[in-house]
Amino acid sequence: MGQTLTEKILDDHLVEGELTPGEEIGIEIDQVLTQDTTGTLVWLQFEALGLEEVQTELAAQYCDHQTYQFDFKNTDDHRFLRSAAGTFGAHFSRPGNGICHNVHKENFAAPGKTMLGSDSHTPTPGGLGELAIGSGGLDVAVAMGGGAYYIEMPEVVNVRLEGELPDWATAKDVILELLRRLSVKGGVGKVLEYTGPGVETLTVPERTTITNMGTELGATSSIFPTDDQTKDYLERLGREDVFEDIGPDEDAEYADEIVVDLSDLEPLIAEPSMPDNVVPVSEVEGVDVEQVMIGSCTNGAYEDILPAAKMLEGRNIDKKTEMIVAPGSKQASEMLAREGWTAEMMAAGVNFSEATCGACIGIGHVPASDSVSLRTFNRNFEGRSGIEDDNVYLCSPEVATAAAIKGEIVDPRDLADELGDLEAPGLEMPDQYIGNSESDLIAPDNAVDDELIKGPNIGDVPLKDPLETEVGGEALLKMEDNITTDHIIPATQDILMYRSNVPKLSEFTLSRVDDTFAERALDADGGVLVAGENYGQGSSREHAALCPMYLGIETVLAQSFARIHKANLFNFGIVPLTIDEETYEKIEEGDDIEIVDDAAEAVKSGQTEFTIRVNDDWEATGQLDASEREREILAAGGKLSHTKQQHDEG
Ligand code: SF4
């Protein structure tokens, strides 16, 4: 039987297990990526493991989430990251040089390679045929030290593209259409592999918009085969030497098939406050728009901003609407500036930001209260923009720009009819991309530092004791479905600046759900969290497991868990138990929860069903779905303790 592209790459990198969906496999990692909010912990963990040098083919540390240096904390972190990259042998991308996924795509992504990144949108280079997976930072630290990455073998789903995009429909509409059909849970446990005649009609920048936002479907990864488009893109980058002709076998068998006819697509938009609230733009026309933002790792590339610039040429944006462009990389900024497009957009009323994640996580350009913001980003979770009552819509740069011109949501096809001289800009790549300067992207052999520099904001990594026999406590919080890692640890500027200071950061744990939680957890010396479906969706942020661990949380009872967050719970020694709907409905906040079994023994012995006794009154069952390796990690008190034990023994 033929293999899918995903299976071929995994096969080439397999060090343990078999490629059977649901089975745990260990794979060798070629490249790793970390960013600043997760990277400080990655390097502290790398150091705590006693590792001395990066062992993967390539490692890159980016500074993109917290680039504004409001006070010493972020700047200290940036300096620490630069020193860690220099000391251990990673590339270092300076604050302002761009968003990790954009800079990585432009400089390092390569067909056929595996990549692990401590950021949930790591799958972006799947558009170039790289199999890239987001994970917690500790997994990245271990992979950088030469350890295998363990994951449940995902199902591989064929997304067959047919036809060709019509004018005004874009790659963003392809992924919004998939979100509309499949929802934010539709890709869980799956790799989405794109095939079919529609593939060759999409350029690599369009493909990476799709693979980037596969994360919003919950997918483990998304990947395209390589072809002349890939070769062409790499040639324009001056990196054609990494091209490899790869794709699935003709008789490859997929777990499922989804067909998208590109020619049927129209401009779409995700309404507040979930990326899968997708409707045709024509259905929400007329809504007043106060802010338009173009940028992020999804649509912040040169090829995303150029259409906006072309639409704005010789026009003005509406006077009640602000429009901000935040390029995904300095390279994009520089090219637009050199070609005169920056001036053209500024003349139309646009403001420019530095190349950063910034507003995507509520840092800067926070919308006015109860106003509408149209963004080309990938997420619009409630409150993510920095204000609780936000109304963030997600759309393509074309739809966003049309709204900036009109001052309200408008289907760009209708605006074109109204204006008479507005043409669909289409997608254009530069003949030759310009490279990063060697001071913006510093190679290991050009490193600034050769020892770690730790300012006062850099704390120690807390370690957990081995799992105890008795696990349980008060149900400190009962939460709804789809609790995101943003709910667990908000990523706003005032909070994330403590990312390397776990005791301080823990004070904000779940504060968006209940601002008394952290204090109650500390007073109670731990307890239990209860949640509905898809607990921990969103980012790869391991602080979302580390901070509850620090507060003493021993177990989370949820109807289901998001993949990366569940792995993070194992990594930090918190027992994730799945409960059914009836149990979820019956448990109330404040209930006394006791895991009846000897937890340490039961976890080690492979027991899957755990008896949960509530208020010494009634009982229910919790399922532990964990591999042997995950059980060992849980029993040891988390992956750091477990890996340390192994190092000490061996
Ligand atoms: Fe940055 Fe937003 Fe992309 Fe995350 S989703 S990497 S915060 S731009």
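Helices are taken as DSSP runs of H or I spanning at least four residues, numbered from the N terminus. In the predicted model described here, the residue just after helix α5, G146, adopts a positive phi of about 100°. Helix α5 itself, formed by residues 137–144, is mostly covered, with eight of its eight residues buried. These buried positions are G137, L138, D139, V140, A141, V142, A143 and M144.

The protein is divided into domain 1 (5–263), domain 2 (270–419) and domain 3 (471–649). The C-alpha centres of domain 1 and domain 2 are separated by 25 Å. To the contact between them, domain 1 contributes 32 residues and domain 2 contributes 37 residues.

The ligand has around it H65, I99, H101, D119, H121, S296, C297, C357, C360, I361, N378 and R384. By residue class, this shell comprises five nonpolar, five polar and two charged residues. Because both domain 1 (5–263) and domain 2 (270–419) give residues to the shell, the ligand lies between these domains.

N102 is placed in helix α4 (residues 100–107). With a relative accessibility of 2%, N102 counts as buried. Beyond its neighbours within four places in sequence, N102 is in contact with S296, C297, G300, A301, G328 and S329. Of these contact partners, S296 and C297 also belong to the shell around the ligand.

The largest nonpolar core contains 75 residues, and the members that touch the most others are W43, F517, L529 and Y535. Helix α5 provides the largest share of this core, namely six residues. Since domain 1 (5–263) and domain 3 (471–649) both give residues to the core, it lies between them. Y535 illustrates the packing: with neighbours within four places in sequence left aside, Y535 is in contact with M479, I483, I488, L529, V556, A558, S560, F561, A562 and H565. Another core lies apart from the largest one and consists of 49 residues, including L234, L237, I405 and A416.

An open sheet is formed by six strands in the order β7-β6-β3-β4-β5-β20, with mixed pairing. Strands of a sheet pair through backbone hydrogen bonds, in either a parallel or an antiparallel manner. The antiparallel case is represented by strand β5 (residues 91–93) and β20, between which there are two bridges. Here S93 stands opposite L441 of β20.

In a regular strand, side chains alternate between the two faces of the sheet. Along strand β7 (residues 131–134), L131 and I133 point one way, whereas A132 and G134 point the other way. Residues on both sides of β7 are buried.

L217 is located in the loop between α7 (204–213) and β11 (221–223). Its relative accessibility is 0%, so L217 counts as buried. Apart from neighbours within four places in sequence, L217 is in contact with I175, L178, L179, L182, S183, V184, K185, G186, G187, V188 and L192. L217 and G538 are 321 residues apart in sequence, yet their C-alpha atoms are 9.9 Å apart in space.

Most residues other than glycine have a negative phi, and most peptide bonds are trans. S183, one of the contact partners of L217, has a positive phi near 75°. This residue lies in the loop between α6 (171–182) and β10 (190–195), and at 24% relative accessibility S183 counts as partly exposed. N482, likewise not a glycine, has a positive phi of about 55°. N482 is placed in the loop between β21 (471–478) and α15 (485–488) and is partly exposed, with a relative accessible area of 23%. A cis peptide bond leads from P272 to S273, with omega near -5°. S273 is found in the loop between β13 (268–270) and β14 (278–280).

Notes:
Residues numbered from 1 in each chain as written. Predicted model: local features only at pLDDT ≥ 70, side-chain atom pairs only at ≥ 80, totals over all residues. Heavy atoms only, no water. Near = heavy atom within 4 Å. Nonpolar A, V, L, I, M, F, W, Y, C, P; charged D, E, K, R; others polar. Domains from an automatic or database assignment. Core = buried A, V, L, I, M, F, W, Y, C linked by side-chain atoms within 4.5 Å. Buried < 20%, exposed > 50% of the residue type's maximum accessible area, 1.4 Å probe, protein only. Contact = heavy atoms within 4.5 Å. Pairing = 2+ DSSP bridges.
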